[in-house]
Amino acid sequence: MIDLPRFRLARASALVAGALASLGGPAMAQDSGTDAASAGPLDAVVVTGTRRSNTTQLQSSAPVDVLTGKDLEATGAADLSRALISLSPSASFPSTPNGSFASSIPAGASLRGLSSDQVLVLINGKRRHVGANFTRQALAGGRGSAAVDLSLIPVAAIERVEILRDGAAAQYGSDAIAGVINIVLKGRDSGGAIGYRYGEYANRNGGEQHTLSGWKGISLANDGFLTLSFDAGVRDFANNTNPDERLAANHPYKDWKFGAPRVNDQFNLLANAEVPVNADLSLYAFATVSHRESIGEGFYESNTTNSALVRSAAFQSRYPFGRIPVTVYELDDAALNVGARFGDKELGRFDLHANIGQNTVKSIDKNGLNPSWGPNSPSTYDTGERTHTQANLGLDYVRDLPVSAFAGPLTLSAGLAYRWEEYDLTAGDPIAYTRGPFYQVGAPGVAVPGIYSGITDQDARTISRNVWGGFVGLEANVTEKLNLGLALRSEHYSDFGGTTTGKGSARYDFTPEFAVRSTYSTGYRAPSIVQLGYSAFSVQTANIGGVFTDVQQRTLLPGSPIAELLGGKALKPEESENVSLGFVWRPTANASATFDAYQIDIRNRVLLSENLSTTTIPALGPILAPFGINNAAFFTNVLDTRTRGFELSGKYRLDLVSRGRLDLSAGFAAADTEITKARNVVTPNGTVIPSDRIVGRNTRGLVEDITPNTKFTLGANWRIAQWEVTSAARRYGKWTNRATDARDDQTFDPQWVFDLDVAYHFSGPLKGLKASVGAINLFDSYPDKTRRLLNSSGALASVGGVTKYSFNAPEGGLGAFYYTSLNYSF
């Protein structure tokens, strides 16, 4: 449980909360009745996937989902990524990666079972920077992927989220292979809200959370606006691991926690503003600032473990009951976007914009020990810092051209874009990665090992790149029933050269109620600068044949001299082809259904290789011996893949008259990814390393089998008088966790998850106040337990036991989360 007297929301969030209250003025309570405006239309206007104005999601040539801010809030989710998983059948992301590294993973989202870095994230239509870190762990959509951290965008700041489920690199640039997530911010000049949420997992799994959030609209000159938003909070450890069965009931670590990390401090601030100067010119800006400190506990390490570290005198004196390694991650993130929209109907509309964003992650080890520095060496030390900076400059142009032969105007869009990126690795404390004066290895009993890891002075570097691009697009209703679109984009990377991508779209409305739509596009994703610039190492001292020996593992820089000796060549960009075919059916104004089938072929997928070991591949021994390396990993392009699937969605609104209004929704997504080609690598000395050694069964399983093959979603929202009830259900199909040995594979059965939120909107003197109670995973559903033989990555279990549930369980393994909240709108 969190010590409430010590419950501290970040100072900045408190100032914002005070500002919201002071700026509110006289309370202007919003109507909380059941009017149509509060629910929003079934067919909303979208700005993603098209340059035409007034195009709705059911009129588009590609599938676009629209999730309103109220939809997101009604999920009860603590952050945006979790809300998207609840609402979208196409979105996935393992929600509870566990242990000491859990808090380092950006809370991104995947679409159509592909990687989280194959989804482009926009805010107000502008590219968002990705995180500075990635995980080497075996996570679906996460291993080796540097994603945009969606948890840094306050849900209170969001007007709606538009999810374009289609390849869109020709429209928006690199990364949009699986689709685009566009976050549209609130732009209000009055009103506001403030709310508090408390929640906790059931069955003593912990995870107590306190969150304060709100927004305030402020009027600016010439009918302009400034909207301020924030969220802030703390969260305690959540546990999904059985206590270690070897420990006595009174052992100090009997109830060690291995699950979601503790968050001591987190705040996200956002400002969105626009000021019209005159009828033809408008200036705008939006900015975000975030901070988070999170703490993850690793596996309990017994003081009886037969390892050089544990048997050292320094360990035994400092940790007589064993230890729980702890990793602290400090994240700081900021972004600023500015721009000007100008022009008119005759000239066309221009958008000149610039932004810069930076994400920094610093890691700190606690309960650590490097015995080679003696018994009094520090137990807390920094293991390195990663910083990713991205800046964009662009000019967009849109004009509707009258064409007498067409049924409507020809929408011409064009633009120029420049992007600069930099990645910086800063070495940690030398204590973390150097051998001290007491270092000694050899026969058991006399070893004083150097157990160390992190970013070393050899890994510290700064790399950067520039990207120039231009695009042109055409879209028109050629006839009353036929809409055609074409987009072309060329980009030139300072590190990868030039590329051109294209997209064609077509839609034919057979009747006002029924239409067929189709797209074909080529895509491009350059390896992220994070993947290009990252390297690090760790050393363990192992008992090999009765002698303690250092075993060094390195993550090598792609294309570095050492990587090339192993056949790890310089990375190539991913290239894709995406084709889709679907229909839209709207039998009545209150009902709609869509169906879309697709195929995505990707060449040269960027993946992090296995740890290539001199033990399993003896031919690597002579190559790695001069560098003192025993096993190594690097990013590679050895695989091509094909993803096929389909998505079905439907909405229906019932007017129950005196019994209120009921909105129903359903969605179903099925996807299957297969490896279509795997390339062996050849080292400079002629050694052929088979592709299944470079990317083995476990990693191939992350590509082909780790995401559930189907996902089914159901939703209902019932409004009557002051009551509002929102319920949701999700069913995940089967998925498989592959191990190194096929005999150890585990296939997990389907899982149902139900959510419920019940809210009451007060009237009279308390008008504007809403009280809610709810549950995520109401019936406390759990995935299958992992076999005792395996840990969640599919490898043999290490010290401290095994995790109870797989890291890749689509809803995690923490069970039911119950919450209550109070919100006041003014």
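Analyst: Rings of Phe, Tyr and Trp (its six-membered ring) pair if their centres lie within 6.5 Å, and planes under 30 degrees apart count as stacked, over 60 as edge-to-face and the rest as tilted. This is a predicted model, in which local features need pLDDT of at least 70 and side-chain atom pairs count only at pLDDT 80 or more, while totals for chains, interfaces and linings use all residues. Residues are numbered from 1 along each chain as its sequence is written, and side-chain values use heavy atoms, with hydrogens and water left out.

User: How many aromatic pairs does this rule give?
Analyst: Ring pairs join Y508, F510, F514, F583, F595, F646, F668, F712, W752, F754 and F779 into a cluster. Counted by the rule, the aromatic pairs come to 21.

User: Which kind of aromatic pair do F342 and F350 form?
Analyst: The ring centres of F342 and F350 are 5.2 Å apart, with 10° between the planes. Because planes under 30 degrees apart fall in that class, the pair of F342 and F350 is stacked.

User: Is F350 buried, partly exposed or exposed?
Analyst: Buried means under 20% relative accessible area and exposed over 50%, with partly exposed in between (1.4 Å probe, protein chains only). F350 has 21% relative accessibility, so F350 counts as partly exposed.

User: Which ring does the charged end of R341 sit over?
Analyst: A charge sits over a ring if NZ of Lys or CZ of Arg is within 6 Å of the ring centre and within 35 degrees of the ring normal. The charged end of R341 lies 4.1 Å from the centre of the ring in question, which belongs to Y284.
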